[in-house]
Amino acid sequence: AAAVGQSSFATGNGQTLQSAGVERSKAVRRRGTYWLETNGRRYSCTSLREVLRTGLLALEQTSPGMLEKLSGLKPRTKRIVARDRKQLFESTDLVSKYSEPLTAGWWFGTNNSAPATGAWRHRAAECAGLRWGDDFQWGE
């Protein structure tokens with residue numbers, strides 16, 4: 001059985017972020033080494049999903065209320081974060097396959113291409129009131 005529960009995780013620079021439990025049995029595409037940086041803190045990640053999760057948590061920590069603002073954005077058929085996982089996707093069959101707990105009371109969508117992940121990182125930085133490339137950035 002997969003382990004699920006509230007946890008914290010250390011990032012590459014010794015920082016700890018709180019994350020809601022995730023079913024650890026879910027496969028994560030490993031494409032390389034990713035990093036993100038905000039407020040002079042650098043985080044190391046091993047997948048797009050992890051860098052998105054870490055970025056969302058770091059931005060919420062930096063700018064409380066960012067997740068709430070971001071949850072109001074729905075460019076096409078999905079949101080990236082929502083309080084109710086059923087609000088992430090228009091198609092209900094995607095909810096159980098592609099949503100994971102992010103932090104207490106929040107869910108995030110996990111079926112994101114590299115370009116979609118990039119678009120969401122820019123939107124999240126904007127919702128946090130940060131300038132992409134100056135206050136917040138990430139790369140491979």
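Predicted model: local features only at pLDDT ≥ 70, side-chain atom pairs only at ≥ 80, totals over all residues.
**Aromatic residues**

The structure contains three aromatic pairs. In one of them, Trp132 and Trp138 have ring centres 6.4 Å apart and planes at 90 degrees, so this pair is edge-to-face. Phe136 and Trp138 make another edge-to-face pair, with 5.8 Å from centre to centre and 65 degrees between the planes. Both angles can be read against the cut-off, since planes over 60 degrees apart count as edge-to-face. Trp132, Phe136 and Trp138 together form one aromatic cluster.

Trp138 is buried because its value of 8% falls under the 20% limit. Phe136 is buried as well, at 0%. Trp132, at 28%, lies between the 20% and 50% limits and therefore counts as partly exposed.

| Charged residue | Ring | Distance of charged end from ring centre |
|---|---|---|
| Arg42 | Trp35 | 3.9 Å |
| Arg123 | Trp120 | 4.5 Å |

**Helix H3**

Helix H3 spans residues 114-127, which is 14 residues. From its first C-alpha to its last, H3 reaches 20 Å, close to the 20 Å expected at 1.5 Å a residue. Just after the helix, Gly129 takes a positive phi of about 75 degrees.

The buried residues of H3 are Thr117, Gly118, Trp120, Ala124, Ala125 and Cys127. An α-helix has 3.6 residues a turn, so residues three or four places apart point the same way. The buried residues of H3 pack against helix H1 (48-62), helix H2 (66-71) and strand E8 (136-139). Among these buried residues is Trp120, whose ring has the charged end of Arg123 over it.

**The sheet E5-E7-E6**

Three strands form an open sheet in the order E5-E7-E6, with antiparallel pairing. Strand E5 (81-82) and strand E6 (99-103) are the edge strands; each has a single partner strand, so one side of each is left without a neighbour in the sheet. Strands of a sheet pair through backbone hydrogen bonds, either parallel or antiparallel. E6 and strand E7 (residues 106-109) run antiparallel and are joined by four bridges. Within this pairing, Glu100 has Phe108 of E7 as its bridge partner.

Conventions
Residues numbered from 1 in each chain as written. Heavy atoms only, no water. Phe/Tyr/Trp six-rings, centres within 6.5 Å; stacked < 30°, edge-to-face > 60°. Buried < 20%, exposed > 50% of the residue type's maximum accessible area, 1.4 Å probe, protein only. Lys NZ or Arg CZ within 6 Å of the ring centre and 35° of its normal. Helix = DSSP H or I, 4+ residues; strand = E, 2+ residues; numbered from the N terminus. Expected span 1.5 Å × (residues − 1). Contact = heavy atoms within 4.5 Å. Pairing = 2+ DSSP bridges.
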